[in-house]
Amino acid sequence: MTPPADTAPVAVVAFAQTVHRRRTDELSETEMLMPVLHEVLAATGLRTADIGFTCSGSSDYLAGRAFSFTLALDGVGAWPPISESHVETDGAWAFYEAWVKLLTGETDTALVYAYGTSSAGDLRDVLSRQLDPYYTAPLWPDSIALAALQARALIDAGHTTGPALAAIAARSRADAAANPYAQLRGAVTHGDPLVHPLHTGDCPPVGDGAAALVLAAGDRARELCARPAWITGADHRTEAHALGVRDLTDSPSTRHAARRAGAFDRPLDLAELHAPFTSQEVVLRRALDLDERVRVNPSGGALAANPVMAAGLVRIGEAAAAIHRGEADRALAHATSGPCLQQNLVTVLEGEA
Amino acid sequence: MTSAPGPPGTNPLTAPLTVEFPFTRSLGPVQSAFLTGLRERVVLGIRSSAGILVPPVEYDPATAAELRELVQVGTSGTVTTWAWNPRPRPRQPLAHPFAWVLVRLDGADTALLHVLDTPGPEAVRTGMRVRIRWAATRSGAITDIACFEPDDTPPDDTPPAPRPVRPHDGTFDSPVTGITTPARLDYTHTPGRAQTRYLQALGGRRITGERCPSCHKVYVPPRGACPTCGVATTGQVEVGPRGTVTTFCIVNIKARNLDIDVPYVYAHIALDGADLALHGRIGGIPYDEVRMGLRVEPVWTDGARHPDHYRPTGEPDAPDDTYRELL
Ligand SMILES: [Zn+2]
């Protein structure tokens with residue numbers, strides 16, 4: 001949706017993320033998250049007590065730690081009592097909840113954070129537990145296998161080729177060379193087929209990481225940030241659960257969310273796409289009508305760092321940070337969740353001239 | 001837990017952690033008919049606004065209308081997309097390399113996810129004809145389809161004979177009404193810096209807390225952050241071993257696999273020097289003589305990694321103003 005005309009506009013005013021790493025054995029999730037929370041608060045000069053609403057995204061399945069989001073709150077400092085919520089999915093959806101909360105006018109600041117410890121389990125198996133439990137999950141199809149089915153469908157439909165996918169991998173990791181937080185950077189070997197037609201290089205690294213951002217409304221945003229990244233629209237849509245019902249070569253939910261968020265109203269100059277697999281960038285570019293004038297994933301995207309449950313929020317943060325730095329004026333951020341781009345969230349951010 | 005190499009100054013602990021649960025799920029009329037059908041080597045689909053859905057769902061993906069019109073479809077079909085899996089994972093349907101496939105069964109308009117048994121990826125292509133290989137023993141589950149196998153009759157690219165999609169009332173003898181789907185995930189648990197320090201101290205029968213640099217409270221067990229200030233706790237502080245019962249309850253239900261006679265007392269114990277009470281069992285005193293303010297000390301048993309229980313020290317009870325803040 002785009003915000004109603006009578007509400008104060010809301011902006012991303014600060015963003016921070018961890019260096020994403022293959023393992024963080026020496027840290028609890030709270031210990032991993034805390035420096036990011038401190039960094040994002042320090043950037044605005046706010047303290048926890050000043051924040052009107054706090055919302056987080058994570059999943060206990062990643063590390064096998066029950067109710068880990070309640071422990072993570074220790075890193076926020078929940079005294080005096082805070083207004084808080086949690087989504088059991090990517091933090092991009094926590095961002096959406098916080099944005100709506102700010103649009104109601106109940107408060108003028110929000111802290112959003114997300115984290116994932118993918119290294120604790122075997123991510124391919126862990127993610128299979130989110131599938132339909134009657135017809136699909138008993139077969140234990142893993143996340144790479146499902147993405148590979150989608151990649152094959154794209155190749156069969158003539159939308160891409162193996163070498164074109166390899167080029168997306170190479171471009172992403174080359175761009176990530178300038179991203180100090182990325183896990184995979186520079187020249188990365190494309191490797192053997194992992195699940196044909198996807199090679200190792202077509203797949204995201206498995207790793208741990210966290211991200212946080214601060215939202216603020218109206219004049220508060222202008223006080224906290226020299227060039228706020230105003231949220232001019234955001235929307236999220238989902239598709240049928242059964243994979244065999246969907247056209248895996250298309251993402252109508254992304255397109256619909258983008259239209260509702262106003263993405264097609266004016267030209268974009270940057271897009272941060274949450275495409276963990278090279279083949280998914282092909283789907284998203286088509287769904288969003290992105291041409292060569294739009295810089296896609298200058299951060300390297302999820303192919304360079306994919307802290308599950310935080311990677312979508314990182315896309316919003318990277319897009320906002322590009323506006324903060326004056327490197328972009330109108331940016332799109334996309335986040336996904338579920339197999340083969342099942343759920344999709346699109347945000348449009350703009351800087352003032 | 002075992003130690004793993006870590007950055008200088010830390011020695012993180014790790015331990016295997018298995019999360020396992022046999023999810024028991026009931027089936028609605030549509031899923032029951034489909035899964036019972038598989039047991040009887042019959043594949044059912046359902047009529048929707050987008051044609052025949054196989055596997056069937058209860059609500060139309062496009063209109064959300066309730067769906068009830070079951071039909072029987074073929075047991076052969078066409079591969080709509082595939083992916084070659086050279087290294088099967090432990091719980092997947094075949095132990096040797098196989099192809100993941102989406103198969104549109106004859107008569108269906110949507111595709112079913114399953115696996116295809118062929119010698120290598122050269123033998124697989126989109127559009128190839130495949131048929132169901134049934135499992136030898138079937139219980140009413142998606143795995144009653146053991147896998148798909150190539151179906152050379154009729155040859156590839158021959159359009160399948162229009163197979164009449166027959167109405168089916170979904171009725172079977174002794175229908176399957178529920179399934180049990182065991183879920184098991186294996187993890188390596190790492191407790192982090194603060195809990196590692198705590199556990200390592202416990203190994204030496206010492207109980208340590210950590211002090212918040214901001215509010216100066218000592219947390220036991222420490223989790224690395226002060227929950228009120230939101231900052232890292234740093235300074236390690238040895239607490240106890242003696243402490244005070246701040247509150248307690250009497251447990252009358254015997255826990256499975258727990259060799260403790262009921263009733264027994266479970267208490268919050270504020271160890272001397274700590275600003276947060278921890279949990280422990282109280283022993284060495286009749287359950288109905290435990291009271292707030294009782295002074296206790298830990299009892300360690302051989303090989304245990306933490307105190308087995310706490311027993312009275314024999315000191316006078318602590319005045320209530322010494323622990324009121326910790327309730
Ligand atoms: Zn404190």
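In helix 4 of chain A, Gly91(A), Ala92(A) and Phe95(A) meet Gly312(A), Leu313(A) and Ile316(A) of helix 11 of chain A, where contact means heavy atoms within 4.5 Å and helices are DSSP runs (H or I, at least four residues) numbered from the N terminus. This contact comprises 4 nonpolar, 2 polar and no charged residues; Gly counts as polar, and Ala, Leu, Ile and Phe are among the nonpolar types.

The model is predicted: local features need pLDDT of at least 70 and side-chain atom pairs pLDDT 80 or more, whereas totals for chains, interfaces and linings use all residues. Residues are numbered from 1 along each chain, chains are lettered from A in the order written, and side-chain values use heavy atoms, without hydrogens and water.

Two packed helices are described by the angle and the distance between their axes. The axes of helix 4 (residues 91–103) of chain A and helix 11 (residues 311–324) of chain A come within 6 Å and cross at roughly 60°; axes are lines fitted to C-alpha atoms over the stretch in contact, with angles from 0 to 180 degrees between N-to-C directions.

Chain A is divided into domain 1 (10–121 + 206–224) and domain 2 (141–204 + 229–351), with bounds from an automatic or database assignment. Their C-alpha centres are 22 Å apart, and 42 residues of domain 1 of chain A touch 37 residues of domain 2 of chain A. In chain B, the centres of domain 1 (16–183) and domain 2 (192–322) lie 55 Å apart.

Key
Helices (H or I, at least four residues) and strands (E, at least two) are DSSP runs, numbered from the N terminus.
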